[in-house]
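Trainee: I would like to go through the labels used for this model and the criteria behind them.
Mentor: Go ahead.

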Amino acid sequence: MNTRILAVLSILLPAVLAAQSTPPKAKLSASAIRIDMVEAGDVPIPAEFRYAIYERLVERVRASGAFQKVYRMGDHSADAVPDLVTLHTKVEAFKQGSQTERELVTVAGATKVDITATILAHDGHTLMDQKITGRVRFFGENLGVTNDLAKRITKLVQASF
Amino acid sequence: MKLGAMILAALAAAAGACAQTESDGAIPKVRVVIGLQDVKRDTSGTLAVHNGILEFRSAKASGQVPVPAIDDIFIGAETTQSGGKTGRVVKTAAIAAPFESGKALTILMRTKVDILTVAYHDPDGAVHGAIFALPKGQAEPMRAQLIQAGAHATDTSKP
């Protein structure tokens, strides 16, 4: 019995120590962010989903307090901010489900959006680039996927800044 | 004869109720999904175009978009649940109903709506998107009204 415990500990201990010794990831810094309109590319996604993701992102990033100022795309007053970063999102895949199907069958009818979120510095170099998936699995209308997605992106942005 | 007149009157009343558009072109029972400044999400009210302004008005708040600031208008559709917040509470409570009988409510309470997305810019040039849920069949006339008032919109008839 004791031999088994020792064997398990000998496997786990180095992993735990390695995890503890990893230095915490340095946070990025910027006073302002500009949120770009969601790019659809070749993916056929209805316009209301793109605009809803954009609006919810503006709302959530503002509420997170990670930046002193949150600008929308096209806002001329953002041009003068020296440490402005830009959040760019591009849709990679979209599957429109059905609210009725979801609520009746539970395992079917999910709405899913895959996107790539990129944060660019003022000089154009990439600070962060990650794939994120938003879903509506059980209750709520299909547009609810935009809220899930915005929540996940904001969490990521907040963890980085 | 009297019965015939009564049936006609009843039909006329039903037709009046079905015609969602008010006499001044305003559309009642419109819900703001998101994106209209000064109006909270899921507020229900009336949407109208007058004097070069797209105006949403509810009992508690109102929001306006100047028609010349509109860059594009999109129409979509969504199946949603009727009954508003009360409907949501009833449906949540029905989960506890035996033999999953509460799921019948899902079928009974579903309703189709038109989704009208109005892309516009503010005086600083910042892009906004106001999304409205309108009674079925009302988005196209509203889009036509906005285009007639001078709003920009991509021609959807082109392939």
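Trainee: What is the strand order of the open sheet in chain B, and what is its pairing?
Mentor: The open sheet of chain B has 7 strands in the order 4-3-2-1-7-6-5, with antiparallel pairing. This is a predicted model, in which local features need pLDDT of at least 70, side-chain atom pairs count only at pLDDT 80 or more, and totals for chains, interfaces and linings use all residues. Residues are numbered from 1 along each chain as its sequence is written, and chains are lettered from A and ligands numbered from 1 in the order in which they are written.

Trainee: What makes strand 4 and strand 5 of chain B edge strands?
Mentor: Strand 4 (62-66) and strand 5 (70-81) each have a single partner strand, so one side of each has no neighbour in the sheet. Strands here are DSSP runs of E with at least two residues, and helices are runs of H or I with at least four, numbered from the N terminus.

Trainee: How do you know that strand 5 and strand 6 of chain B pair?
Mentor: Pairing requires at least two DSSP bridges between two strands. Strand 5 and strand 6 of chain B have 11 bridges, in the antiparallel sense, so they count as paired.

Trainee: Why is A:Ile53 called buried?
Mentor: A residue is buried if 20 or more other C-beta atoms lie within 10 Å of its own, exposed if 12 or fewer, and partly exposed in between, with C-beta atoms placed from the backbone. A:Ile53 has 29 C-beta neighbours inside 10 Å, so it counts as buried. The residue is in helix 2 (residues 47-64) of chain A.

Trainee: Which residues does A:Ile53 touch, leaving out those up to four places away in sequence?
Mentor: A:Ile53 touches A:Val38, A:Thr89, A:Thr146, A:Leu149 and A:Ala150. Contact means that the C-beta atoms of two residues, placed from the backbone, lie within 7 Å.

Trainee: How many residues does each chain bring to the contact between chains A and B?
Mentor: Chain A brings 24 residues and chain B 23. Helix 2 gives the most to the chain A side, with 7 residues.
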